[in-house]
Amino acid sequence: MLCGEAMTNVNITRDILHRQIRDKRAAGFQRSYHVTDPFIKRLGLEAELQGHTGCVNCLEWNERGDLLASGSDDQHAIIWDPFRHKKLTTMHTGHAANIFSVKFLPHSGDRILVTGAADTKVHVHDLTAKETIHMFSDHTNRVKRIATAPMWPNTFWSAAEDGIIRQYDLRENSKRSDVLIDLTEFCGQLVEAKCLAVNPRDNNYLAVGANGPFVRLYDIRMIHNYRKSMSQSTSAAVHTFCESQKPIPDGAGQYYVAGHLPVKLPDYNNRLRVLVATYVTFSPDGTELLVNMGGEQVYLFDLTFKQRPYTFLIPKKCQPSTGDVQNGKTTNGVSNGIHLPTSHIRLAESRMRASSTELPPHLEKIKQQANDAFARQQWTQAIQLYSLGIHQASSNAMLYGNRAAAYMKRKWDGDHYDALRDCLKALTLNPGHLKAHFRLARCLFELKYVSEALECLDDFKGKFPDQAHSSACDSLDKDIKAALFSKTESEDKKANSSIRFHSFSRKESIPEDELVLRERSFDYKHRYCGHCNTTTDIKEANFFGSKGQYIVSGSDDGSFFVWEKETTNLVRILQGDESIVNCLQPHPSYCFLATSGIDPVVRLWNPRPETENENGRVVEDMEGASQANQRRMNADPLEVMLLNMGYRITGLRGVGPDGSDDEDSSEGQVQCRPS
């Protein structure tokens, strides 16, 4: 809907004429109309490329987009002409196990291909001569990803399950590689590097994904300069024997994490649910980082306007200071018992007036549609409609408060944390938002911040005394106090440490430098839900469009999902594999998508003609498919294994519209109904 409205403001006829008259307009025209909403709505299967005899684990376009490379369990790499659906080159890579990554080496005229495989080897091939010209055996476990950089010719990087990121420079050494980052020095011997990517705009930045919830961003140049200076000081005998050399200098690493995951980790571990970053990639302009978090959802991190996790905005002890208290808002930067970002406090008063004004008629209609969906218990539809309104009216506190209520009812993984974020935003815009304040206390309780929830609820009672003895308030108060009473003494000790990281085991013996980096990690900007990523550790998520307007991801149910980036709304699901879709690689300049998975084929997708018959691969019930995937993610591992073998498992306990909600039992004045 949003994109359709945006398209109506565009005069495509005028733009076509300008493109014909002025050559300079051609590139801009291509970027603007690369991927649009009408194209997404008509996306369908164009062709299946057959040639492999095993699962196709990796795909890669060349820079011009006229060649597509694929690697498979059959240990062969194939180069395709995707427009003629023709196989150009097939070569055995020399690997003795599954190929997990293929990359064209930049500035090689598409002649050099790099592959990494489960045999721990990295091979470099000359496609013209059809021979392997370099073989590297430095890793000691499966190689999962290769990365290249446009401005670094003859150089590439690899990530492997030995926890090491290696750098290769074919000009300096064609036999050995250098260790760039050794994650085992920070995370112990069990850490496995799963994916990596180089920022396309600034090739000095490298993103690394591994097992665990954290994604790491490194400054390659800073690491090299540091090691160069250390080697010079060592040769000059400047250092003393007391000095301990850090493997990575201060400031060369920055971590990103979905704010609720560190505390949620023990619960996932108890249920044998593994968190692992299966894919990382940068937006086309290099300002955003997309992560497919195995065992959870897809997350988008803003690298420019960084956000600290919202749990840091909750003080451990919130006592009114000597500052004046006006309308429940103290002048020391604490509002409603919540630490609000100082940049928002200055705008709170002016925004409160703006947020309380009526919405324009078209947005009021969207809000009413969302409220109607909420009343029908169609939580996902309500969330999508509220998100659409928020995208166009980002300073309306009521929309944030209502979306928080829908998140709390739906209860998918991460929903309570997103609800907490929305409540804080609503309170920033309108400190007197009663429902947002009460919902915030409920979110804190659901997120296991029990003492903070009690503090927030007490503050709520003080600010809204007429609600202090409502049945909903009393019910939450009892729940919180029961949880506090049941806490053991050891848990109390843990709670006195960082509220986000108290649950990490001491047995991990994480170095102090690593703990500091984790504490300083930044939170996500957007979250994308609906897919399932628990079965394979190579599942990709990518930007689709020259401006990254859409997000695409594979799924364990054999489908791939398409979301609008800014609204996070799910707009399309297509059946892409008989079992699992792992790989999705968008064409660099056309609305053209290559996918692969367990089937031994590569599938090509583009907008189909309007005259074409019904697209049989479209999944019409998007909400039903998304709910099934959320249940699948929360299922017992044995049940998931049976599902993957083709068995139908009924009655899986999971979240969904039928799930119980504690708030429903409290028919008090403070309700979770939308405003």
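This is a predicted model: local features need pLDDT of at least 70, side-chain atom pairs count only at pLDDT 80 or more; totals for chains, interfaces and linings use all residues.
Let's start with the whole chain. There are 19 helices and 32 strands, and of the 675 residues, 56% are buried. If you take the contacts with a separation of 6 or more, 59% of them join residues 24 or more positions apart. The accessible surface is about 29700 Å², and carbon and sulfur atoms hold 50% of that.

Now for the helix pair. Two packed helices are described by the angle between their axes and the distance between the axes. For H9, residues 361-375, and H10, residues 379-392, the angle is about 160° and the axes lie 7 Å apart. The cut-off for roughly antiparallel is over 145 degrees, so H9 counts as roughly antiparallel to H10. Their crossing is left-handed. Who makes the contact? On the H9 side, the residues include Leu363, Ile366 and Phe374, and on the H10 side they include Trp379, Leu385 and Tyr386. By class, the H9 and H10 contact has 10 nonpolar, 6 polar and 1 charged residues.

Last, some backbone angles for you to look at. Most residues other than glycine have a negative phi. Leucine 272, however, has a positive phi near 55°. It sits in the loop between helix H7 and strand S18, and it counts as exposed because its relative accessibility is 65%. Threonine 568 also has a positive phi, near 65°. This threonine is in the loop between strands S28 and S29. Is threonine 568 buried or exposed? At 17% relative accessibility, threonine 568 counts as buried.

Thanks, folks!

Definitions and conventions
Residues are numbered from 1 along each chain as its sequence is written. Side-chain values use heavy atoms; hydrogens and water are left out. Axes are lines fitted to C-alpha atoms, for helices over the stretch in contact, and angles run from 0 to 180 degrees between N-to-C directions. Helices (H or I, at least four residues) and strands (E, at least two) are DSSP runs, numbered from the N terminus. Angles under 35 degrees count as roughly parallel, over 145 as roughly antiparallel, 65 to 115 as roughly perpendicular and the rest as oblique. A crossing is left-handed if the near helix is turned anticlockwise from the far one by less than a right angle, and right-handed if clockwise. Contact means heavy atoms within 4.5 Å. Ala, Val, Leu, Ile, Met, Phe, Trp, Tyr, Cys and Pro count as nonpolar, Asp, Glu, Lys and Arg as charged, and the others, Gly among them, as polar. Buried means under 20% relative accessible area, exposed over 50%, partly exposed in between (1.4 Å probe, protein chains only). Accessible areas come from the Shrake-Rupley method with a 1.4 Å probe; for residues, only the protein chains shown count as cover.
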